[in-house]
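Here's a quick tour of a protein model, one piece at a time. Have the 3D view open and follow along.

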Amino acid sequence: MKRKLLFTAALAVFALTINAQDLRTGKQRCYSVEHEQWLQSQNPNLKVQKDNDEQKLQSWLQNFAAARVSNGNSTNSVIVIPVVVHVVYKLAGQNISDAQILSQIDALNEDFARLNADTGNTPGPFQAAASGTQFQFCLARRDTNGNMTNGIERRLTTVNSFSTNDNVKHYSSGGLDAWDVNNYFNVWVCNMSGGILGYAEFPATAHTNTYGVVINYDSFGRIGNVAAPYDLGRTMTHEVGHCFRLNHIWGDDGGACSGSDNIADTPNQESETYGCHTFPYTDNCTTTGNGIMYMNYMDYSDDDCLNMFTSNQATRMYVSLTGYYPTLTTSTACQDVKNSIDKLNDIQFSVYPNPTDGILNVDMSTTAGRGETIQVRITDAIGKVVAEKEIGQSNVRVHQIDLSNLENGSYFATVYSQSFQKTVQFVLSR
């Protein structure tokens, strides 16, 4: 939406959007705005803090734009975000499978990289604005104590359902406590009351132990116990957008056409949309031309209709998260836990070039000549093995692995034998 109003103006009209509901299903697509209001009712100073944070973000964005002009380009490094999923359930059907969780991580990575299969559904006039982001997500591989984890924890609760008062985020109220928000992106999956599909907490300078998203168990992922039309993982994509400080595309102004999402390359929009419209679709705020961007992830259209972020949205998310949560963007919680022998100083290896354009050189300067069969395993951001190579009892120092068939992104190379294991992270970028 082109108008450039600050967060204050959007918050002032939040009350106008309370209880927006999909009349076909009785579901409430997102409750993040209402949750923000609730937080402000608990802390009268929060609104001023949020306004100050938005002003700070606008300054960061200006500095980022100036640096990009000065450097001739912007950073394109991949940022890997470690995710921990807290599954809180009372009934067996709410205890979603690992496979369903992995399907959500897959969907998230595809959507944020613009590798989703339905990019072709983005209308031609909006293709130029459509953009991937620098974010990739993986289930954490080490916990807060440095021990091995699969990034998933579960709790059988006595609570029938959870509302948006953050009780699911605390063990004392039937939920599960967050892992360190500075190093893990926390996701709670539970049975939510009132037909709510999800809600998020916006990032802020003042960190909390509740930062993250909450998603209803039947709108999380794209296999297993999911219910159409919210069955492709786009509820999570939408809520993560809020956690990276994106606003709703219509600016939450109750149809007044005067609010703003603080994004220059999204058309002005009257209110949220449901279902899936036919392009071009116009409303009272954009009455002609290409119409509104109802396929944007920050709208309320059905999952199979949403398919894009814009370039300015991608920039806002990058600047927001690196500004508000810099340690989260550099967390090493996705790296494998090293076993005890891995601590020996004489076991070293490296990979280059990093980033690589497809041919990865594995330099094992201190493993050559050990008389062991050495294995190299390449895994993607969610732990899926995408390449392997056995190099035997070799005295050769440098070995090449062809990864040209893989998509751009962040990967992990693990070199191991019967006596040691080491893992390093690298980026594939063409």
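First, a term you'll need: a crossing of two helices counts as left-handed if the near helix is turned anticlockwise from the far one by less than a right angle, and as right-handed if it is turned clockwise. Keep in mind that this is a predicted model.

- Helix α4 (residues 98–113) packs against helix α6 (residues 234–243) at an angle of about 60°, and their axes are 9 Å apart.
- That angle makes α4 oblique to α6.
- As for handedness, the crossing of α4 and α6 is right-handed.
- On the α4 side, the contact is made by Gln104, Leu108, Asp111 and Phe112; α6 brings in Arg234, Met236, Thr237, Val240 and Gly241.

**A helix tucked inside**
- Helix α7 covers residues 311–324, so to speak a run of 14 residues, and reaches 20 Å from its first C-alpha to its last, close to the 20 Å expected at 1.5 Å a residue.
- Since 10 of its 14 residues are buried, α7 is largely enclosed by the rest of the structure.
- Among the buried residues of α7 are Met317, Tyr318, Val319 and Leu321.

**A three-stranded sheet**
- Strands β9, β10 and β13 form an open sheet in that order, with antiparallel pairing.
- The edges are β9 (350–352) and β13 (398–402), each of which pairs on one side only.
- From one strand to the next, the twist averages 25°.
- Three bridges link β9 to β10 (residues 359–363) in the antiparallel sense.
- Look for tyrosine 352, which stands opposite asparagine 361 in β10.

Methods: Residues numbered from 1 in each chain as written. Predicted model: local features only at pLDDT ≥ 70, side-chain atom pairs only at ≥ 80, totals over all residues. Heavy atoms only, no water. Helix = DSSP H or I, 4+ residues; strand = E, 2+ residues; numbered from the N terminus. Expected span 1.5 Å × (residues − 1). Buried < 20%, exposed > 50% of the residue type's maximum accessible area, 1.4 Å probe, protein only. Pairing = 2+ DSSP bridges. Axes fitted to C-alpha atoms, helices over the stretch in contact; angles between N-to-C directions. Parallel < 35°, antiparallel > 145°, perpendicular 65-115°, else oblique. Contact = heavy atoms within 4.5 Å.
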